[in-house]
Amino acid sequence: MRLTLACATALAVVLSASSARAQAISAEEAEALRAQIRTMKAQMEAMEARLNAAAPAAGAAPEAPAPAGTPPLAAAPAAPAAAKPAKNKDGSNKDGKSKDDTAIDWKGSPQFAQGDRLFKVKGRIQADANYVKAPKSLDDKGLGFSNEARRIRLGAEGALGAGFDYKLELELSDNAVDLVDTYVGYHTGPWQIRLGNQNSFQSLDELTGDTSGSVMERAAFTDAFNFERRLGLAFQYGKGPWLAQAGVFTDDIGALANDGDGVDGGDENNSYGLDGRLVFAPKLGDLQLHFGGSAHYRRLGRLADSETRYRQRPYVHSTNTRLIGTPVMNVSEEDHYGLEFAAIRGRWHAAAEYHMLTANRVDASTVTFRGAYAETGLFLTKGDHRGYKEGIFRVEKPARPLGEGGLGSLLLSLRYDWLDLNDKDIRGGTQNGYIAALVWEPIQNLRFNVNYALMDYTGAKALPSGKTDYDAQVVGTRFELDF
């Protein structure tokens, strides 16, 4: 500023001098003075521009007042508009938007997000119509045509902030309303902790969601060995291709709430189990691999005085008939182990599991039962593939949905399903199932499922002739909406 004032003063002096001497100088001298004035004017404009560029932005502390007697300067030009600011440390936007603004997205149903908090309504509808053809001499009214609402589920999930999340789901199935996934969780970095009713890491097929599967029903051993959600505390650690899961569980939340007396009373249920699973899932180029193993121990406690059975339906759930199954037993402990394999490459996938359960009987020797399956599948529609995340299969939205230039996704799968309930004095029978499935997903969240199964039994429920080796043919259909 002082430099500007000095220049202005010098210019005034020169002008005054030139005015006073206007009558005493030659034309050449006058032109020289004019050139000096033009040069000084250009220098002053350049210095003024530098001062304007260095001036603080709007909103900064005001400039200190000039000394008394100093003439005021003209106001500097306004600073250019700033670019859109980034986030502040507290999560608010520098553009004026509050961190408390709520964003709404569509994820099959509205999802509300506010900072690190989230809420979403969840639901599921599955309706089945099935037909089981068995030998006519088998007089069982539960065979033939049957239909049911396989699952009707409603709930919500969300995040509370600071790493805490939750899920609550009610399900109508088997003419009862049950709590399914109902827990509070916490995650930080690679760690995850959950407390509540949840799956206990039994197997790949059991943990994969029922709307993400390649066939209508899970492997026979998952039902025969009584896999279910149970109340407990679970830990998970995932880093790179490795995933480790472990937990301690009691019983399913419905059994614990039983208000009856005696062995079936929830207050007398002191059963507990320890479960663990380890997964190695490397990705080699476009090939996703999955290798897993799990181990499980359960002490039944007071439930050892109740009846335990291992049995299975002829593939579909809408019939209550079991063609193979063990007699009732008193079991004090269960140990079971599983091995898992899966692979995904483009439109193709494969999966296989083996599971073995050992039941320690109270008044007899230990018996062991086994089950396994192997499957392969191929999407018939270009660009579609099975999803995979955190050690399980996930459903993916169609690459070309109906209404957007495509027909949706179409998955063809073949599965072999084996179950052996024979050991020592227990003759529960064996199953060899051959299953073909076609799953059409026209748009995301909506699927139609058609299955055919040939079930080859040995040692099954006896016919009037006494024959226990025979076949059953099953046709299953389902539509499902998941949001």
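Predicted model: local features only at pLDDT ≥ 70, side-chain atom pairs only at ≥ 80, totals over all residues.

Mentor: Residues are numbered from 1 along each chain as its sequence is written, and side-chain values use heavy atoms, with hydrogens and water left out.

Trainee: Why is alanine 162 called exposed?
Mentor: Exposed means over 50% relative accessible area, buried under 20%, and partly exposed in between (1.4 Å probe, protein chains only). Alanine 162 has 57% relative accessibility, so it counts as exposed.

Trainee: What is the phi of alanine 162?
Mentor: Alanine 162 has a positive phi of about 60 degrees, although it is not a glycine. Most residues other than glycine have a negative phi. Alanine 162 is found in the loop between strand S4 (144-161) and strand S5 (164-173); strands (E, at least two residues) and helices (H or I, at least four) are DSSP runs, numbered from the N terminus.

Trainee: What makes serine 212 buried or exposed?
Mentor: Its relative accessibility is 12%, so serine 212 counts as buried. Serine 212 lies in the loop between helix H3 (204-207) and helix H4 (220-224). Leaving aside neighbours within four places in sequence, serine 212 is in contact (heavy atoms within 4.5 Å) with residues including Arg386, Phe393 and Arg447.

Trainee: How do you know that glutamate 375 and arginine 386 form a salt bridge?
Mentor: A salt bridge requires a side-chain nitrogen of Lys or Arg within 4 Å of a carboxyl oxygen of Asp or Glu. The closest N and O atoms of glutamate 375 and arginine 386 are 3.6 Å apart, and the pair forms a salt bridge. Glutamate 375 lies in strand S17 (residues 367-379) and arginine 386 in the loop between S17 and strand S18 (387-389), so the pair ties together parts that are eleven residues apart in sequence. Glutamate 375 has a relative accessible area of 7% and is therefore buried; arginine 386, with 7%, is buried too.

Trainee: Which parts does the salt bridge of arginine 345 and aspartate 286 tie together?
Mentor: The side chains of arginine 345 and aspartate 286 meet at 3.2 Å, N to O, in a salt bridge. Arginine 345 lies in strand S15 (residues 331-345) and aspartate 286 in the loop between strand S11 (283-284) and strand S12 (287-299), so the parts tied together are 59 residues apart in sequence.
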